[in-house]
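Q: I would like to go through this structure step by step. Could we begin once it is on the screen?

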Amino acid sequence: MIEPTGPLDPSVYWRRRAVALGCSILVVVLLAVIISSWLGGGTQADPQGVANKQSVATTSSKRLTSSPPTSGTIAAAGASSSSSASPVPTTSTTTGPPPPPPPPGPCPDTSITVEGRVAQPSYRVGQAPLLTLVITNSGPVACKREVTRQLRELLVLTADGNTRLWSSSDCYYQQPPDTRLLQPGEQATFSIAWAGRTSSPNCAPSGALLPAGDYVVVGKLGNLTSRPTPFKLT
């Protein structure tokens, strides 16, 4: 069966066999290429397939980023989802009580008013006029002021204010420090019954009884001095 038989020359049959064999081989090669392209989806031998895959991937990613969510588990920005979002805490606007005011400081001299008062405008000679030192917080806020005994003084002067006749500081017993908290307008008062006689520093014996006439009383607290208040002895 290998040797060609027939009426024609044997070379003709050999050529026909070669052509048929070449066609068969060509068909097999084409089938192999087609099957490889279909199974691989694009290889190095199929650059068009690679380009198509990249284009599809790019298009898919754009759709994922630009398309609205289709699943109930994905919520748009600002929307609430009971399955994935936790409740946003509410900021409380309730304010607490105001802070307590600072403790009162010392009273400056500009906030203190000092007065020397006489209970009556006139007394008879030999009576004991009631003299009072009045310390007032004339400032707008509460403050503390030391009013210790050695800082307080009541003076009796002649009517012109030039001659010192008597002072409550000439003879007194040392006392402990005394600091007062004074509210605005509050007063601290200190009174003494004056015997109507002159006095000298260092608790010297009482002097002479003052005669009838016009006199003034002056109050002092430290460096502060009141205006003179007039009174009479008759």
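Q: Which strands each supply at least two residues of the lining of the largest pocket?
A: In this predicted model, strand 5 (152–158), strand 6 (164–167) and strand 8 each supply at least two residues of that lining.

Q: Which strand gives the largest share of the lining?
A: Strand 8 does, with four residues.

Q: And what is the volume of the largest pocket, and how many residues line it?
A: Its volume is about 420 Å³. The lining consists of 24 residues, and Trp166, Ser167, Ser168, Cys171 and Ile192 lie nearest the centre of the pocket.

Q: Let us turn to the sheet with strand 8. What is the order of its strands?
A: The order is 1-3-8, in an open sheet of three strands with antiparallel pairing. Strand 1 (112–118) and strand 8 (187–193) are at the edges; each has a single partner strand, so one side of each lacks a neighbour in the sheet. From one strand to the next, the twist averages 15 degrees.

Q: What holds paired strands together in general?
A: The strands of a sheet pair through backbone hydrogen bonds, and the pairing is either parallel or antiparallel.

Q: How many bridges join strand 3 and strand 8?
A: Strand 3 (residues 130–137) pairs with strand 8 over seven bridges, in the antiparallel sense. As one example, Thr132 has Ser191 in strand 8 as its bridge partner.

Q: How many bridges are there between strand 1 and strand 3?
A: Seven bridges link strand 1 and strand 3, again in the antiparallel sense. Here the bridge partner of Ile112 is Asn137 in strand 3.

Q: Which side chains of strand 1 point to the buried face?
A: Ile112, Val114, Gly116 and Val118 point to one face and are buried.

Q: Now strand 3 itself. Is Leu131 buried or exposed?
A: Leu131, which is found in strand 3, is buried, with a relative accessible area of 0%. Setting aside neighbours within four places in sequence, its contacts include Leu154, Val156, Trp166, Phe190 and Trp194. The C-alpha atoms of Leu131 and Trp194 are separated by 6.8 Å, although the two residues are 63 residues apart along the chain.

Q: What about Leu130: where is it, and how accessible is it?
A: Leu130 is also in strand 3, but it is partly exposed, with a relative accessible area of 37%. Beyond its neighbours within four places in sequence, Leu130 is in contact with Arg117, Val118, Ala119, Tyr123, Ser191, Ile192 and Ala193. From Leu130 to Ala195 the C-alpha distance is 9.2 Å, and the two are 65 residues apart in sequence.

Q: Changing topic, which loop holds Asn202, and what is its phi?
A: Asn202 is in the loop between strand 8 and strand 9 (213–221). Its phi is positive, about 65 degrees, although Asn202 is not a glycine. In general, most residues other than glycine have a negative phi. Asn202 counts as exposed because its relative accessibility is 77%, and the cut-off for exposed is over 50%.

Q: What is the phi of Cys203?
A: Cys203 has a phi near 60 degrees, a positive value in a residue other than glycine. Cys203 is in the loop between strand 8 and strand 9 and counts as partly exposed, at 42% relative accessibility.

Q: Which residues does Asp170 contact, leaving aside neighbours within four places in sequence?
A: Asp170 is in contact with Arg164, Ser199, Ser200, Pro201, Asn202 and Cys203. Asp170 itself is in the loop between strand 6 and strand 7 (179–182). At 7% relative accessibility, Asp170 counts as buried.

How values were computed:
Residues are numbered from 1 along each chain as its sequence is written. This is a predicted model: local features need pLDDT of at least 70, side-chain atom pairs count only at pLDDT 80 or more; totals for chains, interfaces and linings use all residues. Side-chain values use heavy atoms; hydrogens and water are left out. Two strands pair if DSSP finds at least two bridges between them. Axes are lines fitted to C-alpha atoms, for helices over the stretch in contact, and angles run from 0 to 180 degrees between N-to-C directions. On a 1 Å grid over the protein atoms alone, a cavity is a set of points where a 1.4 Å probe fits but cannot get out, and a pocket is an open set with protein on both sides within 12 Å along at least five of seven lines; lining residues have an atom within 4 Å of a point. Grid points are joined across faces, edges and corners, and a volume is the space filled by probe spheres set on the points. Buried means under 20% relative accessible area, exposed over 50%, partly exposed in between (1.4 Å probe, protein chains only). Contact means heavy atoms within 4.5 Å.
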